[in-house]
Amino acid sequence: MRNDGSYWQKLRVQWQAERFTRARVYEILSVSNDPEDRVSKVADMFLVVLIVLNVIAVMIESVPAIGDPWATEFFIFEGVSVLIFLAEYMLRIWSCVENERWGEMGPIWGRIRYALSPIALTDLIAIIPFFIILSGTNFFDLRFLRILRLRRAFKLTRYSPDMSIVLGVLRDELRLLLALGFVLILLVVMGSSFIFVLEGAETGPFSSIPGAMAWALRHLTTLGNTDYLPSGEAGKTFGMVLGIVGVVVIAMISGIFASGFTNARNKRHASLRRFVKIQLVLNDGELNASAMDAIALQRKTLGFSEPDALEIINEALEEQAGLDLAALRALAKRDDRMLLED
């Protein structure tokens, strides 16, 4: 309880000392690397919770037994949420020039370019539907577009290094995954074409190549489909072959992810190891309290557990001790050689 009180007390002190300049507003709305920036963290969490609540409200409102009697309350909640999102959007447009990418374009053109960026357009698309509905133009229901606000949930990766690794692996291995996806599409087309030739009929799932694509995709993903089974021996044999090919494709995708996660972990391991070595150099080969605090902060940033970090620290200390011992032995051998020469 004392820790909770200390957290909220520090938050209140930081809030009272805030000077909401343009640079500070940009920092609050952006991803902050400072773990002590509680105002930015609370702002992020508030927006994420509001986004999730909006999505839940959209889904619950679709239930007639709930949406009809509570229609006014849902509309008020939606209106308040949109006003908050609109304020956030305007603050982002105002403060975006603090970013070097947009700031070097000038105060006007930089804001225009930011407003046309995918991330800003997503914010705008999530706001506009409410005002279209409010104007009475209900030619179709646009409220589902608010679900696009869920992309803000990816900002939670700043608090979850493991989630950052997942997104990083997806980004790094995107080209291979796209290539495998293209191969999978080709296999679906070829599989549906072959089964159409082998099991073609005037009616049923194999009456056309597009109709057989669902069967081919399910076999390639090893899901199978008991509702649509080939009747001939050739079709059944081809289905088994297609299932084996699907297992191979899934194994390749799993291998890509496994390799990506291994590389990411090795990079994190090397990063923390280098950081420990730097602390050893800065502190004359010792890890004092200040160095350990710095290592602990780096450990949390990289997402290592305490046992894993301790193992890395011990490896660095053992390596340093081994180097020192090797240096002492070299000096001893040199002294012995000098004595013999004398």
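Trainee: Why is Ser-81 called buried?

Mentor: Buried means under 20% relative accessible area, exposed over 50% and partly exposed in between, with a 1.4 Å probe and protein chains only. Ser-81 has a relative accessible area of 1%, so Ser-81 counts as buried. This is a predicted model, in which local features need pLDDT of at least 70 and side-chain atom pairs count only at pLDDT 80 or more, while totals for chains, interfaces and linings use all residues. Residues are numbered from 1 along each chain as its sequence is written, and side-chain values use heavy atoms, with hydrogens and water left out.

Trainee: Where does Ser-81 lie, and what does its side chain reach?

Mentor: Ser-81 lies in helix α5, where helices (H or I, at least four residues) and strands (E, at least two) are DSSP runs numbered from the N terminus. The side chain of Ser-81 reaches the backbone oxygen of Phe-77 at 2.8 Å, and a polar contact is a pair of N or O atoms within 3.5 Å; within protein, one must be able to donate a hydrogen and the other to accept it, and residues adjacent in sequence count only if both atoms are side-chain atoms. Contact in general means heavy atoms within 4.5 Å, and, leaving aside neighbours within four places in sequence, Ser-81 is in contact with Leu-50 and Asn-54.

Trainee: What makes a group of residues a nonpolar core?

Mentor: A nonpolar core is a set of buried Ala, Val, Leu, Ile, Met, Phe, Trp, Tyr and Cys residues joined through side-chain atoms within 4.5 Å. The largest one here has 14 residues, and those touching the most other members are Phe-85, Tyr-89, Ile-93, Cys-96, Tyr-114 and Ile-127. At least two residues of this core come from each of α3 (38–61), α5 (71–95), α7 (109–115) and α8 (118–134), and the largest share, four residues, is supplied by α5.

Trainee: Which residues does Tyr-114 touch?

Mentor: Not counting residues up to four places away in sequence, Tyr-114 touches Arg-92, Ile-93, Cys-96, Trp-102, Ile-119 and Ala-120.

Trainee: What makes the nonpolar surface patch?

Mentor: Patches are made of residues with over 30% relative accessible area and no salt bridge, with like charges joined within 9 Å and nonpolar side chains (Val, Leu, Ile, Met, Phe, Trp, Tyr) within 5 Å. Here Val-49, Val-52, Leu-53, Ile-56, Met-59, Ile-60, Val-63, Ile-66 and Trp-70 make a patch of about 740 Å², to which α3 gives the most, with six residues.

Trainee: How do you know that Arg-22 forms a salt bridge with Glu-98?

Mentor: A salt bridge is a side-chain nitrogen of Lys or Arg within 4 Å of a carboxyl oxygen of Asp or Glu. The closest N and O atoms of Arg-22 and Glu-98 are 2.8 Å apart, so the pair meets the rule. This pair links distant parts of the chain, 76 residues apart, with Arg-22 in helix α2 (residues 22–29) and Glu-98 in the loop between α5 and α6 (100–103). Arg-22 counts as partly exposed at 31% relative accessibility, and Glu-98 counts as partly exposed at 32%.

Trainee: How many salt bridges are there by this rule?

Mentor: The count comes to five. Among them is the one between Arg-92 and Glu-88, at 2.9 Å from N to O; both residues lie in helix α5, four residues apart, about one turn of the helix, and both are buried.

Trainee: Why is Asp-37 called buried?

Mentor: Asp-37 has 3% relative accessibility, which is under the 20% cut-off, and therefore Asp-37 counts as buried. Asp-37 lies in the loop between α2 and α3.

Trainee: How many helices and strands does the protein chain have?

Mentor: The protein chain has 14 helices and zero strands, and buried residues make up 31% of its 342 residues.

How values were computed:
Areas by Shrake-Rupley, 256 points an atom, 1.4 Å probe, with all protein chains shown as cover.
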